[in-house]
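Here is a short tour for someone meeting this protein for the first time. Keep the picture open while you read, and look up each residue as it comes along.

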Amino acid sequence: MIIQLYDDSRKEEVRDVVLEVLLEHGFEYDRLKDADLKDINGYYFGSGGAFFVGVANGKVVGTAGVRKFDGNLCEIRRIYLKKAFRSKGNGKKLFRAALDFAEKNCSGVVLKTDSTLMKAIDMYLKHGFTFQKEETGYLYFEKKFDQKSKTV
């Protein structure tokens, strides 16, 4: 799997991957929560963030997004990977692409995940995220970056 920056020619493939993974884990498409899928460029790149796709055999098999907020914080979202590509380091590669972008461009990063997704939670903790709170089945994590190492 190779990682590339998203472009709109991949819009339907991204949507298909996200919906497939959501359904696999017992979640349904929600037009409000999933509104970012209608305008990936505007939602991610428009805020100064990025959206990455994992591509294998010419097809999108995974996603990872970074959305910037005011105050130089950002959020990592949409770490999704088709089932056949899991447990091979691909999810970690996607997550690292998003985290590396966040580290270079933001002072800190937040993320949320469903409390049932134990592999994802373990990966976040191993990458230095700290648990912040739990709300209605979602766990919230945060990581601050060392500002001394950044060039201004």
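## The surface and the overall build

The protein chain exposes about 8,600 Å², and carbon and sulfur atoms supply 52% of that area. Bear in mind that this is a predicted model. On the inside, buried residues make up 40% of the 152 residues in the chain.

How does the size fit the length? A compact globule with 152 residues would have a radius of gyration near 15 Å, and the protein chain has 15 Å, so the two agree.

## Charges and contacts

Counting charged side chains gives 27 positive and 22 negative ones. The centres of these two sets lie 4 Å apart.

Now for who touches whom. Take the contacts in the protein chain with a separation of 6 or more: residues 24 or more positions apart account for 60% of them.

Going along the sequence, they come in the pattern β-α-α-β-β-β-α-β-α-β-β.

## Around strand β4

Let's start with strand β4, which covers residues 73-81. Seven of its nine residues are buried, so β4 is largely enclosed by the rest of the structure. Strand β4 pairs with β3 through six bridges, and these two run antiparallel. In that pairing, G65 stands opposite R77 in β4. Strand β4 also pairs with β5, this time through three bridges and in a parallel sense. Here L73 stands opposite G108 in β5.

Is R78 buried or exposed? Its relative accessibility is 6%, so R78 counts as buried. R78 also has a positive phi of about 60°, although it is not a glycine. Most residues other than glycine have a negative phi.

## The turn between β3 and β4

Strands β3 and β4 form a hairpin with four residues between them. G71, in the turn, has a positive phi of about 80°.

F69 is found in the loop between β3 and β4 too. Which residues does F69 touch, leaving aside its neighbours within four places in sequence? They are C74, E75 and V110. As for G48, it is 21 residues away from F69 in sequence, while their C-alpha atoms are 8.7 Å apart in space.

## An exposed loop residue

Next, have a look at N57, in the loop between β2 (50-56) and β3 (59-68). N57 has 79% relative accessibility, so it counts as exposed. N57 also has a positive phi, of about 50°, although it is not a glycine.

N57 and Y44 are 13 residues apart in sequence, and their C-alpha atoms are 25 Å apart in space.

How many bridges link β5 and β7? Strand β5 (residues 108-114) and strand β7 (residues 138-144) pair over seven bridges, in the antiparallel sense. One spot to look for is G108, whose bridge partner in β7 is K144. G108 is also the residue of β5 that L73 stands opposite.

Strand β7 has another partner as well: strand β6 (residues 130-135) pairs with β7 over five bridges, again in the antiparallel sense. Here K133 stands opposite Y140 in β7. The hairpin of β6 and β7 has two residues between the strands, and T136 takes a positive phi near 40° there.

Finish with T113, which is found in strand β5. At 7% relative accessibility, T113 counts as buried. What surrounds T113, not counting residues up to four places away in sequence? T113 touches A120, I121, Y124, G137, Y138, L139 and F141.

Definitions and conventions:
Residues are numbered from 1 along each chain as its sequence is written. This is a predicted model: local features need pLDDT of at least 70, side-chain atom pairs count only at pLDDT 80 or more; totals for chains, interfaces and linings use all residues. Side-chain values use heavy atoms; hydrogens and water are left out. The radius of gyration is taken over C-alpha atoms; the globule rule is 2.2 Å times the number of residues to the power 0.38. Buried means under 20% relative accessible area, exposed over 50%, partly exposed in between (1.4 Å probe, protein chains only). Contact means heavy atoms within 4.5 Å. Accessible areas come from the Shrake-Rupley method with a 1.4 Å probe; for residues, only the protein chains shown count as cover. Lys and Arg count as positive and Asp and Glu as negative; His and the chain ends are not counted. The place of a charge is taken as NZ of Lys, CZ of Arg, CG of Asp or CD of Glu. Two strands pair if DSSP finds at least two bridges between them.
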